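Me: Hi! I've got a protein open on my screen and I'd like to talk it through with you. Can we start with the contacts?

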Amino acid sequence: MAAARTELVQARLERVLSSMASERVGTQHFASLTGYGHGDQGREVVDRVFARVLGAEAAAVRMQFVSGTHAIAAALFGVLRPGDRLLSITGSPYDTLEEVIGLRDPGQGSLAEFGVSYDEIELTADGSVDVDAVQRALERPCRMVLIQRSCGYSWRPSIAVAEIGRLSALIHARQPECVVFVDNCYGELVQEQEPTQVGADLIAGSLIKNLGGTIAPTGGYVAGRAALVEQACCRLTAPGIGREGGTGFDLQRLVLQGLFLAPQMVAEALIGADLVAGVFQRLGFAVNPEPGANRSDLIQAVRLGSPESLKLVCRAFQACSPVGAYLDPVPASMPGYASDLVMAGGTFIDGSTSEFSADAPLREPFNLYVQGGTHRAHVQLALTRALSVLDAAGLIDLPQTG
């Protein structure tokens, strides 16, 4: 399976190189303007390159997006208006979107407080989208359908791009003006196509995950139909400014360099995910997805079943990190999350998780979510350390020790 995943790098890289060549990327595009950033050629070239890579009409790649959640929130607030209805068809959204939508902790200016209603459709028992329920829900007017591609902190498969295409066709057939919006975090470059190439109207994600290639220092992106991208940017900046403002802080070189490295990094992370799944499955733990499965994101979930195991594994992974290996990750609250989290992975870009990382909400059934991995040797070293500490604590029985 590792050979098959490595073989796919060439096609992804060819798409990136072709996009850069078509937009005539040169060293002159590495510099930014100051102040308002009006007419910043480097920023505009980056936008066009990303739009080509993502198969979108337009894209906005901005350092001013502080996270993937911020980019998603800008898209939601940019497109939706009071009285509109937002429908999630992949169950509950990722934790950090709950306050954006208004599902908890009111008083912060959520969508609900601006008069946007929200409904969600639970996934079926096997983790797939309930198409019959979607059709029933579309009997009422709906301005936007939200699809979360990645599993997030849920025990479910990620949503394949081909399935997103089928769902987009169904939604547009029922309500042509409804916007299909995909939370694309952790999914970029995993499959041959992106959601915007199969019918999704708008996607958004983080620049310090897949597409950043461990190089981009911050940021996020929105991509899709040009009018929708502009609406999202009007929320990021201001109406009348939209995509036309905002300097790139002389970071375009790092953004483009990260994109160039991204296909290889994504492939290595997928190989690492297969390795994690195979090792823990052999030890009797439930894993999702299984090793070698067709994947649509980088996340590998392992059901460890106890807080003790979660903490030990995260400590072992942290101890094998290139940055902050001396730190002891302990459960703590984080902005936007409902549960305390234990997070491991000393990355060169804070919070990127692109170097081999893991995190977990401290709640039953105590699932570990693993992501990233720039090269498989790092994953092997971290796994070896984790298995050693689990065995020493009597929480697993390694085959070679009996």
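Reply: Happy to! Among contacts in the protein with a separation of 6 or more, 69% are between residues 24 or more positions apart; contact means heavy atoms within 4.5 Å. This is a predicted model, where local features need pLDDT of at least 70, side-chain atom pairs count only at pLDDT 80 or more, and totals for chains, interfaces and linings use all residues. Residues are numbered from 1 along each chain as its sequence is written, and side-chain values use heavy atoms, with hydrogens and water left out.

Me: Okay, and how many helices and strands does the protein have?

Reply: Eleven helices and twelve strands. These are DSSP runs numbered from the N terminus, with at least four residues for helices (H or I) and at least two for strands (E).

Me: What share of the residues is buried?

Reply: Buried residues are 56% of the 402. Buried means under 20% relative accessible area, exposed over 50%, and partly exposed in between (1.4 Å probe, protein chains only).

Me: New topic: where is Ser32?

Reply: Ser32 sits in the loop between helix H2 (9–22) and helix H3 (41–54).

Me: Is Ser32 buried or exposed?

Reply: Ser32 is buried, because its relative accessible area is 16%.

Me: And which residues does Ser32 touch, beyond its neighbours within four places in sequence?

Reply: Ser32 is in contact with Asp40, Thr247, Gly248, Phe249, Asp250, Leu251 and Gln252.

Me: What joins the side chains of Ser32 and Gln252?

Reply: A polar contact of 2.6 Å. That term means a pair of N or O atoms within 3.5 Å; within protein, one must be able to donate a hydrogen and the other to accept it, and residues adjacent in sequence count only if both atoms are side-chain atoms.
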